[in-house]
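Colleague: I would like a close look at one part of this model. Please take it step by step.

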Amino acid sequence: MTSPELVCPAGTPAALRTAVDAGADAVYCGFQNATNARNFPGLNFTVPELERSVAYAHAKGTKVLLAMNTYPPAGKQALWKDAIDTGIRLGVDAFIVADIGVAHYIATTYPDARLHLSVQAAASNPESIRYYCQEFGVKRVVLPRILTVPEIRNLAAEVPCEIETFIFGNHGLMVEGRCSLTNYITGLSTNLDGVCSPAAQVEYKRDNAGNLTTQLGEFTIDCFGCDETAGYPTICKGRYTTPAHDGGYYAFEEPISLNLSSLLPDLIGAGVHALKIEGRQRSRAYVKKVVSSFRKAVDDISSGRTAQLADLLALTEGQKETQGAFKSKTWR
Amino acid sequence: MAVKIDMTKLTLGPILFHWPAQQKIDFYARIADEAAIDTVYLGEVICSKRSPFFDKHYADVTERLERGGKTVVFSTLAEVMLKRERNMMAGFCEEEDHLIEVNDTAGLFHLNGRPHMIGPLMNVYNEDTMRYLASKGATRFCLPPELPGPSVAVLCEHAKELGVSIEVQVFGRTSLALSARCYHARAHGRIKDNCQFVCEEDPDGMPLDTLTGQRFLAINGIQTLSHTYLNLLPELDALKSMGVDHFRLVPHTQDMVAVAQIYRDTLDVKTSADEAESKLASLDIPAPFANGFWHGLAGHQRVQ
């Protein structure tokens, strides 16, 4: 069995070094601006930081993938083009892109640059993927987290590029690249600004009885009794009401993490070339733990041994985990 | 002074919700006979499971609309995953008598350069993307609703140069997200494969409110929409002067013939925006109006 590439998050230079040391085959990261979909305060790289980080990673044989996976608004494309030019100069190993204009710019300006299609492009069928391969020479697609393993196996046989799937971390419920819920509430866009449920507009309000209400912008995302652990107010993980349902309920999904550790052999068998760990916003300790555990698991599976991954559960959000869409169609 | 001919067209987007076939037939008959609409988009955009209910009626409805002087465009599915959906998309793109509005890149693959339109669920946010798609046969772009006015203005400038046309949604609930999961089925304790078409119960979307009682969103199967109704009546003049030439109404169960007339009269400057606004408000729209996205603010907001 060929060993898949382990693609790991690097939200900061320190996290990048941690992931590299823990055995990442590749790390992905972005600049400190709207050119990537994790444009959060305190995250991401300055140009000198990325330059040093690329040197560090390359010295240890790890690839650096630059996330360029937001959609430039009209009239503001210069920021993206500058970032791409810089990435080329620094020698990153691939660009992760979503926007057709961005893909076209790289494909025509730097025809030797390697392009990965971001999950933000929402290419969920062979024809879409073939379109991006044919038009822009895309070499790898990151699949939306909406397909079952058998569906991935069938798809892999029909596309002329490598396949990367998420295996662990945050489990967004909307199709990536097709969600403007955050913009509807906050005025900041996931696609245009790289922002999702921004912390600057989060409020926690505790009443006299000890109950906690979490709010994003003007809207209540959830309410917690004193005996409940409050979660971060991500719109698609909140509780809401509707006449068809008794009481407040998780209308989209519970606060839960994706963990495909037990499906790893199936995913590798399905023809997946790269396994992606989500979490550029996570701590170094988290990155170290998750990356080293998956490094060992992938190596075990590749050499025919049984992988041990039970302790990863402790790292998942709210200690709850799911195999999401990957296990069964009943998730839909 | 040259006479300026008003070339603005009013369009009716595809019905996003699951209305019974007879309701759709009656709706389009009335649109054909009475509405001040130039172009009607037909097709199931949201859920492939709903398609069989209306497939056999498209030919008749199309003919009826065309006899009423409307141009008919077919809109594709927005999410293509299953074999059935891939086949639907491929079949749609073989249509030769009508233009196709593409809502998933799979359509671009099949059309392979033939003339087509780009729907609002495609991500065309900038001039490079527009230029590329125009070079591959796109002739009209219905822009994503979250795009703010200044960006639309830039795209209009490039559209003139490229000889393509720009469409903007000006009325109705705003599409905010797509998922693979059916939230209608979930609210009823079901899954998508066994949904029993509960989405039919909510012809303008299923209300989703916050735990503190705020009106928040509207669910339509795998789609999440705004609770608010987009209303760009006060902005129509600005849109026209930037070069937007198609103005889209999203169909709801409210009186769409009346809605169309209000927008047509405002475009033709036969009525003031204020007067139009009060007429629209009198139509029992079940939610507040919003225009925040256009002004670069949170989408639920209303700038007066």
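Colleague: Which strands form the open sheet in chain A, in what order, and is the pairing parallel or antiparallel?

Modeller: Keep in mind that this is a predicted model. The open sheet in chain A has three strands, in the order E9-E10-E11. Their pairing is antiparallel. Strands E9 (202–206) and E11 (219–224) of chain A stand at the edges. Each has a single partner strand, so one side of each is left without a neighbour in the sheet. On average, neighbouring strands here are turned by 20° against each other, direction ignored.

Now the pairing of E10 with E11. Strand E10 of chain A covers residues 212–216. Five bridges join E10(A) to E11(A), and the two run antiparallel. Within E11(A), A:Phe219 stands opposite A:Leu216.

Helix H4 (residues 100–109) of chain A and helix H5 (residues 127–135) of chain B have axes that come within 7 Å. The axes cross at roughly 80°. An angle from 65 to 115 degrees counts as roughly perpendicular, so H4(A) is roughly perpendicular to H5(B). From H4(A), the contact uses A:Ile100, A:Gly101 and A:His104. From H5(B), it uses B:Asp128, B:Thr129, B:Tyr132 and B:Leu133. By class, the contact has three nonpolar, three polar and one charged residues.

One more residue in chain B. B:His158 lies in helix H6 (residues 149–162) of chain B. Leaving out residues up to four places away in sequence, B:His158 touches B:Glu127 and B:Arg131. B:Met130 is 28 residues from B:His158 in sequence, with 8.3 Å between their C-alpha atoms.

Definitions and conventions
Residues are numbered from 1 along each chain as its sequence is written. Chains are lettered from A and ligands numbered from 1 in the order in which they are written. This is a predicted model: local features need pLDDT of at least 70, side-chain atom pairs count only at pLDDT 80 or more; totals for chains, interfaces and linings use all residues. Side-chain values use heavy atoms; hydrogens and water are left out. Helices (H or I, at least four residues) and strands (E, at least two) are DSSP runs, numbered from the N terminus. Contact means heavy atoms within 4.5 Å. Two strands pair if DSSP finds at least two bridges between them. Axes are lines fitted to C-alpha atoms, for helices over the stretch in contact, and angles run from 0 to 180 degrees between N-to-C directions. Angles under 35 degrees count as roughly parallel, over 145 as roughly antiparallel, 65 to 115 as roughly perpendicular and the rest as oblique. Ala, Val, Leu, Ile, Met, Phe, Trp, Tyr, Cys and Pro count as nonpolar, Asp, Glu, Lys and Arg as charged, and the others, Gly among them, as polar.
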